[in-house]
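Please keep the model in view while reading.

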Amino acid sequence: LQYTGGTTGIPKGAIFTHRNLVANAAQSAAWAPELVAGKETFYAILPLFHVYGLTLCFTTAVMIGATVVLFPRFDPDLVLDAMKKRPATFLPGVPPVYPRLVERARERGVPLSSVKIALAGAMSLPPETVTEWEAASGGLLIEGYGMTETSPISIGNPIARNRRPGCIGIPYPSTDIRIVDRDDPLVDVAPGEPGELLVHGPQVFSGYWNRPEDTAATLLPEGWVRTGDVVAQDEDGFIRVVDRIKELIIVGGFNVYPSEVEAVLQRMPGVAEAAAVSLPGPTGGEQVAAAVVPEPGQTLDPAALIAECRVHLAAYKVPRRIVIVDDLPRSTIGKILRGAVRDQLLKQITDAG
């Protein structure tokens, strides 16, 4: 059971069979024929409790007889110290780690040339990060796509010079995809049109433990899983993520649920309402931000609110920016429109320079 919050933030146990995990490891090994059995060194800078780390740093490594170097956490200096003793040949991670490693390696004079393949997942990979890493290492930095319910990888860029930065790639071996109407997952959209991505393959989970309603909402007949992501497929088969139906915020590859952040803020004295959204991070990816409405007659200090959030939330869930607003945008039925809140915060940041 691999627990995930899915789109709601309520933990659900995704049921994996041995076949799911072995299949995704075999798919990953087949995707990277440059990896030689018994000769590779994988760096596990990802936690093994996360399905990305489980598959790319553990089961795939075991399948090809690779050496695994385990790290307690990602720390550029720890990684570079290990590089001098047992150089990595395969380095899975999340996009922000690569610029940090390049900068620190340059400062310390440690070469990165042993890394044949670096794989970035869990969040979007900026093309400039690819350019910087590949210039420093001489290897390839490849973007992949997945979700907990697909063990996790279902789509990847080719491990070749014809990979396409800015796209998530093409389907993994033995993996089928459909792009469907966002409101009716039984209807395929026209070729090239955006729609919700569905995935089918041996890596697709079999449901959520003791949650039949959640299973029915995510896992369609014949084993197609709804990803909640809007994509479009180019004529040559490459897939681009257009939008995220889910309102998850992905920080460093970890899910942050807006409702959890909002609940903490709304318990604080003087706070009437709050809306948590994602904003672009300074080095790519996403970070948490929030708009907060004070109670009548109250004055709120954003720095004090952030400090209080640190008491109640994991570090990656703490808002990096809080903006005090008079009101929050709403739909006609009174629902807070997080997309409009995000646009409002981006505009304020832009206007402020």
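A salt bridge is a side-chain nitrogen of Lys or Arg within 4 Å of a carboxyl oxygen of Asp or Glu. This is a predicted model, in which local features need pLDDT of at least 70 and side-chain atom pairs count only at pLDDT 80 or more, while totals for chains, interfaces and linings use all residues. Residues are numbered from 1 along each chain as its sequence is written, and side-chain values use heavy atoms, with hydrogens and water left out.

The whole structure holds 15 salt bridges. The table gives three of them.

| Pair | Closest N to O |
|---|---|
| Arg-338 and Glu-262 | 2.9 Å |
| Asp-77 and Arg-104 | 2.8 Å |

Asp-236 sits in the loop between S12 and strand S13 (239-244), and Arg-164 in the loop between S8 and strand S9 (170-171), so their pairing ties together parts 72 residues apart in sequence. Helices (H or I, at least four residues) and strands (E, at least two) are DSSP runs, numbered from the N terminus. Salt bridges also link Asp-77, Asp-81, Arg-104, Glu-107 and Arg-108 in a network.

Glu-262 is buried, at 10% relative accessibility. Buried means under 20% relative accessible area, exposed over 50%, and partly exposed in between (1.4 Å probe, protein chains only).

Now the backbone. Most residues other than glycine have a negative phi, and most peptide bonds are trans. Asn-210 has a positive phi near 60° and is exposed at 65%. Glu-222 has a positive phi of about 70° and is exposed at 69%. A cis peptide bond, with omega about 5°, joins Ser-151 and Pro-152.
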